[in-house]
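We will go step by step, from the whole chain to a single side chain.

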Amino acid sequence: MIRQPSRHCTVELQAVPARIGHVRRIISAQLRYWRLDALIDPAALGVTELLANVHRHARPSKQCTVELSVLLDQLTVAVHDEDPRLPRIRAADSWETCGRGLALIAALSENWGMRPEGGGKVVWFTLPALTPAPEEARAFRPHWEPLPLDDARTAADARTRAGGATVG
């Protein structure tokens with residue numbers, strides 16, 4: 001059973017350093033809009049690593065697409081580029097300043113992978129899309145859905161203690 005509809009966002013860009021920060025801000029805003037604030041940092045870090053790989057390694061073009069999708073309480077972040085060569089995890093020496101991107105993706109994500117697609121490839125990772133806290137769920141309760149009995153009593157008691165009891 002699907003508890004909420006699928007949500008999807010796509011951003012096309014040239015993976016150059018000046019654009020990567022812009023995409024992080026777009027992703028942050030989209031996740032805030034979807035009320036997935038807790039996923040902003042890991043998603044932004046992961047997409048930064050994937051875009052840095054496109055910038056550093058992709059040929060013939062740095063053109064790529066970043067996709068965010070939420071389905072069944074899972075956020076998937078995917079980066080598609082036009083280079084058919086699949087990346088590989090390697091063990092970076094302690095003195096090296098790069099070579100840890102995919103290991104970082106593996107560490108921060110619930111799951112990750114890559115696949116050939118079209119003339120290029122897709123590298124993706126998933127994060128658990130946290131459900132709202134009970135207080136948030138109550139705040140967004142539709143007007144036609146009654147409060148559970150305990151919540152109604154608590155609300156009535158609070159109004160009475162505040163001196164604003166209402167009849168009705």
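**Before you start.** This is a predicted model, in which local features need pLDDT of at least 70, side-chain atom pairs count only at pLDDT 80 or more, and totals for chains, interfaces and linings use all residues. Residues are numbered from 1 along each chain as its sequence is written, and side-chain values use heavy atoms, with hydrogens and water left out.

**Stop 1: the whole chain.** Colour by secondary structure and you will find five helices and five strands. Helices here are DSSP runs of H or I with at least four residues, strands are runs of E with at least two, and both are numbered from the N terminus. Starting at the N terminus, the order is β-α-α-β-β-α-β-β-α-α. Of the 168 residues, 32% are buried (under 20% relative accessible area, with a 1.4 Å probe and protein chains only).

**Stop 2: α1 and α2.** Select residues 17-33 for α1 and 40-57 for α2: their axes come within 10 Å and cross at roughly 150°. Axes are lines fitted to C-alpha atoms over the stretch in contact, and angles run from 0 to 180 degrees between N-to-C directions. The two helices are therefore roughly antiparallel (an angle over 145 degrees). Now show side chains: among those in contact are I20, I27 and L31 from α1, and V47, L51 and H55 from α2. Contact means heavy atoms within 4.5 Å. The residues of this contact comprise eleven nonpolar, three polar and two charged (Ala, Val, Leu, Ile, Met, Phe, Trp, Tyr, Cys and Pro are nonpolar; Asp, Glu, Lys and Arg are charged; the others, Gly among them, are polar).

**Stop 3: α2 and α3.** On the α2 side, select P42, L45, G46, E49, L50 and N53; on the α3 side, G101, L102, L104, I105 and L108.

**Stop 4: the core.** Which residues touch the most other members of the largest nonpolar core? Select I27, L31, W34, L51, V66, L75 and V79, from a core of 31 residues. Such a core is a set of buried Ala, Val, Leu, Ile, Met, Phe, Trp, Tyr and Cys residues joined through side-chain atoms within 4.5 Å. α2 gives the most to this core, six residues.

**Stop 5: W34.** Finally, centre on W34, which touches R7, H8, C9, L68, V70 and L75, leaving aside residues up to four places away in sequence.

Key:
Angles under 35 degrees count as roughly parallel, over 145 as roughly antiparallel, 65 to 115 as roughly perpendicular and the rest as oblique. Buried means under 20% relative accessible area, exposed over 50%, partly exposed in between (1.4 Å probe, protein chains only).
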